[in-house]
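This report concerns salt bridges and pockets. The sequence and the structure are shown first.

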Amino acid sequence: MHMLSLQIKDVEVLSCEYGKNTIKFLRLKREGKKHFVKEVEVCTHLRLTSAHDYLDGNNAAVIPTDTIKNIVLVLAKKNGIQTIEQFAIDICKYFMTTFCQVAYVKTYIQEVPWQRLQENGIPHIHSFICVPEGIRFCEAEQCKNGPLVVFAGIKDLKLMKTTQSGFEGFHKSECTTLPERNDRILCGELFCKWSYGECKDFDFDCVWNKVRECVIEAFAGPPDCGVYSPSYQKTVNSIQMLILSRVSQVQVIEVMLNNTFYNVLDMKNLGLTNDKEVSKCSKYYCKGLLKKST
């Protein structure tokens with residue numbers, strides 16, 4: 001029995017992209033004795049107007065990934081990095097305006113969270129500390145003759161509160177063993193991504209800081225009393241609703257909470273009373289996507 005071999009004419013190309021991942025570098029800016037740093041990781045992907053490289057092995061239109069890397073580094077040198085969002089916009093605009101064979105470009109950037117060191121409240125002029133209080137990232141993408149769209153976000157933001165959380169009234173079946181709780185630890189690693197829509201003259205630093213403040217406020221509540229969370233799902237929604245109500249530039253918001261569940265250990269067999277002081281952990285997640293109504 002002979003297998004019929006497919007020809008190119010028998011298939012339809014649904015997607016064909018390529019690019020350069022993990023372009024890591026540090027951009028140093030000097031203003032007199034004072035220094036500023038941006039350490040970033042950049043990924044840039046392209047789709048060409050034809051798929052001859054993919055279908056026929058014809059590389060005439062292919063921009064080598066080494067060239068992509070060099071373009072990113074040259075733009076960082078020439079333009080600097082005011083914000084990662086603006087730098088992503090610069091990269092997309094360069095590829096769209098320079099290469100007629102580019103049909104689509106997408107750039108992802110994440111930033112190492114360096115903060116300026118302070119001593120007795122005085123900022124150091126050239127020393128920094130890496131503070132992992134959430135990783136800032138962004139995406140920018142554009143199709144030929146289409147709008148340039150920008151996304152931004154926070155990831156790996158670890159949050160915990162040791163009370164003011166519970167989980168009660170849930171559906172029960174013959175497989176349910178989880179007891180109801182009205183006082184438990186709420187802990188999770190947050191991923192938050194939002195859309196700015198079409199590229200405009202936004203203050204990206206200001207918006208990012210406002211979103212982060214909303215995340216922390218909705219999760220923790222007032223500092224003297226907190227706020228009760230009846231579930232991880234409701235906490236995710238509360239974060240989204242506060243952001244959409246306070247940050248006008250954000251139109252669509254996705255939040256995912258990768259949860260760490262702490263289960264209080266029974267230590268009676270060790271002759272001890274455990275008043276929710278020692279717990280073991282397990283993990284699960286909750287995700288939500290909200291959009292402002294038009």
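How many nonpolar, polar and charged residues does the lining of the second largest pocket have, by class? The lining has three nonpolar, three polar and four charged residues; Ala, Val, Leu, Ile, Met, Phe, Trp, Tyr, Cys and Pro count as nonpolar, Asp, Glu, Lys and Arg as charged, and the others, Gly among them, as polar.

The model is predicted, with local features requiring pLDDT of at least 70 and side-chain atom pairs pLDDT 80 or more, whereas totals for chains, interfaces and linings use all residues. Residues are numbered from 1 along each chain as its sequence is written, and side-chain values use heavy atoms, without hydrogens and water.

**Pockets**

A pocket is, on a 1 Å grid over the protein atoms alone, an open set of points where a 1.4 Å probe fits, with protein on both sides within 12 Å along at least five of seven lines; lining residues have an atom within 4 Å of a point. Grid points are joined across faces, edges and corners, and a volume is the space filled by probe spheres set on the points.

The second largest pocket holds about 160 Å³, and among its lining residues are Arg181, Asp183, Arg184 and Lys276. The largest pocket has a volume of about 830 Å³. Of its 28 lining residues, Val37, Lys38, Glu111, Trp114 and Arg136 are the closest to the centre. Helix 4 (204-220) is one of the elements that each supply at least two lining residues, and its six residues form the largest share. Helices (H or I, at least four residues) and strands (E, at least two) are DSSP runs, numbered from the N terminus. By class, this lining has eleven nonpolar, six polar and eleven charged residues.

**Salt bridges**

The whole structure contains 15 salt bridges, each a side-chain nitrogen of Lys or Arg within 4 Å of a carboxyl oxygen of Asp or Glu. Three of them are listed below.

| Pair | N to O distance |
|---|---|
| Arginine 47 and glutamate 17 | 2.7 Å |
| Glutamate 111 and lysine 38 | 3.1 Å |
| Glutamate 189 and lysine 158 | 3.9 Å |

Glutamate 111 lies in strand 3 (residues 102-111) and lysine 38 in strand 2, so their pair ties together parts 73 residues apart in sequence. Glutamate 111 is buried, at 13% relative accessibility, and lysine 38 is buried at 15%; buried means under 20% relative accessible area, exposed over 50%, and partly exposed in between (1.4 Å probe, protein chains only). Glutamate 189 is partly exposed at 27%, whereas lysine 158 is exposed at 65%. A network of salt bridges links Glu85, Arg136 and Asp205.
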